Amino acid sequence: MIQALRGMKDIVSPDNEKFVHVLKTAGEIAERYGYEYIETPLLEETQLFKRSVGESSDIVGKEMYQFIDKGGHDVCLRPEGTAGVVRMFIQNKLDKKGGIHRMYYHGPMFRYERPQKGRLREFHQFGCESFGEGSVYEDFTIILMIKDIFDALGIGYRIKINSLGCPECMPGYREHLIAHLNDIRDGLCEDCQRRIETNPIRVLDCKVDSCQALLKEAPVITEKLCETCDADFSTLVRLLDAHALPYELDPKLVRGLDYYTRTAFEFVSDEIGAQSAIAGGGRYNRLVEFLGGRPTPAVGFALGIERILDLVEMPEERREGIYLGVMVPEALDTIVDLAHRKRRDTKVFAEYNKKSLKAHLKAADRLGAEYCAVIGEDELAAGEIWVKNLETKEEKRVAIREFD
């Protein structure tokens, strides 16, 4: 028997209902914040992610599904969403239009890493990207939007925040950090030793316990911020305090991607084990320019859908729709016509096999229908349909032409 590849998972009951609920809830909230839905391709040029995510990142170095296609192009399945949205933003000349552009998306991402609970090789994200607004108030508004999404889904969280500085203050901090890392180099893991040369700030993100122990005395970026970055970060902290959001300052929060500047944040849950991040993002003011567009401030986030499925509280189930059935085959044409008409404004379950009334009622109950409507021999002769409200238990017969 052919089975799904390792790290790839079918989305079936009961997860499918939660999956749809997450997308619907997140999408509705994003639209309330002024975001519009977009889609970008699953397949992109590999160079897009090397230039944006960074060749020193684990995603590019170890995890991408990369191959040469039949046309000889170096392509890969997208490992994350932001780079493709930025490429789309530039290709459609939105950077030249000016103004503010707010977009949301969802879909599968692909990373070849060790599968574990909540972390698959094909996984799904919901994300938002805001272009053209440089104010830290936009950063805070995005954090508020994620809060609204998780509150609506019944998910508890804590927020971690940090500032990654800007081209003015990062170089000085980088020098201090490299000096410290060279002092402890021998005790660091192989990946961290490599990162000292390629992207030293990523050492702070190492998940190896022995490395984290050595990094306790590492210099802190928020103590080296320039005046503008420090003012922005202080404003963000003040806004979080004013809205009583549960946050903590995490000077080692650098995210896993190279394009972040200034604000970086993660939402974490204590209910999903070691891989506790359930959403994350931040500001990336230089990425549009770096990929060939006009300088454009930007900020965004993504949440992992598989990460949160076990945490989602589904709304109380309520009956919905109409179940249509027949007790005599001669009524089938009538049922088909009714089903087509009723589907214009409600959900319809149509059963085309002749069954007893008891069997139809049982099927309608199992499907969660609000009404069970059946045509038997007597009803067909009288031009009527028997209807039962499965919530109130009220029964009646109505003329087929008046059935609504």
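Predicted model: local features only at pLDDT ≥ 70, side-chain atom pairs only at ≥ 80, totals over all residues.
Visitor: How are two packed helices described?

Guide: Two packed helices are described by the angle between their axes and by the distance between the axes. Take helix α1, residues 15-32, and α6, which spans 136-153. Their axes are 10 Å apart, and the packing angle is about 140°. At that angle, α1 is oblique to α6.

Visitor: Is the crossing of α1 and α6 right-handed or left-handed?

Guide: The crossing of α1 and α6 is right-handed.

Visitor: Which residues make the contact between α1 and α6?

Guide: From α1 come H21, V22, T25, A26, I29 and A30, and from α6 come M145, D148, I149, A152 and L153. Sorted by class, this contact has 8 nonpolar, 2 polar and 1 charged residues.

Visitor: How do α6 and α10 cross?

Guide: Helix α10 covers 227-242. The axes of α6 and α10 cross at roughly 35° and come within 9 Å. This crossing is right-handed. On the α6 side the residues are V136, Y137, F140 and I143, and they meet D232, T235, L236, R238, L239 and L240 of α10. The class counts for this contact are 7 nonpolar, 1 polar and 2 charged residues.

Visitor: At what angle do α2 and α4 pack?

Guide: Helix α2 consists of residues 46-54 and helix α4 of residues 82-91; they pack at about 110°, with axes 9 Å apart. That angle makes α2 roughly perpendicular to α4. In the contact, L48, F49 and S52 of α2 meet A83, G84 and R87 of α4. By class, there are 3 nonpolar, 2 polar and 1 charged residues in this contact.

Visitor: Now to cavities. How many cavities of 30 Å³ or more does the structure hold?

Guide: A cavity here is a space where a 1.4 Å probe fits but cannot get out. The structure holds 2 cavities of 30 Å³ or more.

Visitor: Which residues line the largest cavity?

Guide: Its lining is made of V136, S163, C229, D232, F233, R262 and T263. Two elements, α10 and β9 (261-268), each supply at least two of the lining residues. The largest share comes from α10, with 3 residues. By class, the lining of the largest cavity has 3 nonpolar, 2 polar and 2 charged residues.

Visitor: And what lines the second largest cavity?

Guide: The second largest cavity is lined by G134, V136, D139, D232, R262, T263 and R283. Here α6 and β9 each supply at least two residues. The class counts for this lining are 1 nonpolar, 2 polar and 4 charged residues.

Visitor: What is the general rule for phi and for peptide bonds?

Guide: Most residues other than glycine have a negative phi, and most peptide bonds are trans.

Visitor: Which peptide bond is cis?

Guide: The peptide bond from S13 to P14 is cis, and its omega is near 5°. P14 lies in the segment before α1.

Visitor: Which residue has a positive phi although it is not a glycine?

Guide: That residue is A244, which is not a glycine and has a positive phi of about 55°. A244 sits in the loop between α10 and β8, a strand that covers 247-249.

Terms used. Residues numbered from 1 in each chain as written. Heavy atoms only, no water. 1 Å grid on protein atoms, 1.4 Å probe; cavity = no way out; pocket = protein on both sides within 12 Å on 5 of 7 lines; lining within 4 Å. Points joined across faces, edges and corners; volume = space filled by probe spheres on them. Helix = DSSP H or I, 4+ residues; strand = E, 2+ residues; numbered from the N terminus. Nonpolar A, V, L, I, M, F, W, Y, C, P; charged D, E, K, R; others polar. Axes fitted to C-alpha atoms, helices over the stretch in contact; angles between N-to-C directions. Parallel < 35°, antiparallel > 145°, perpendicular 65-115°, else oblique. Left-handed = near helix turned anticlockwise from the far one by under 90°. Contact = heavy atoms within 4.5 Å.
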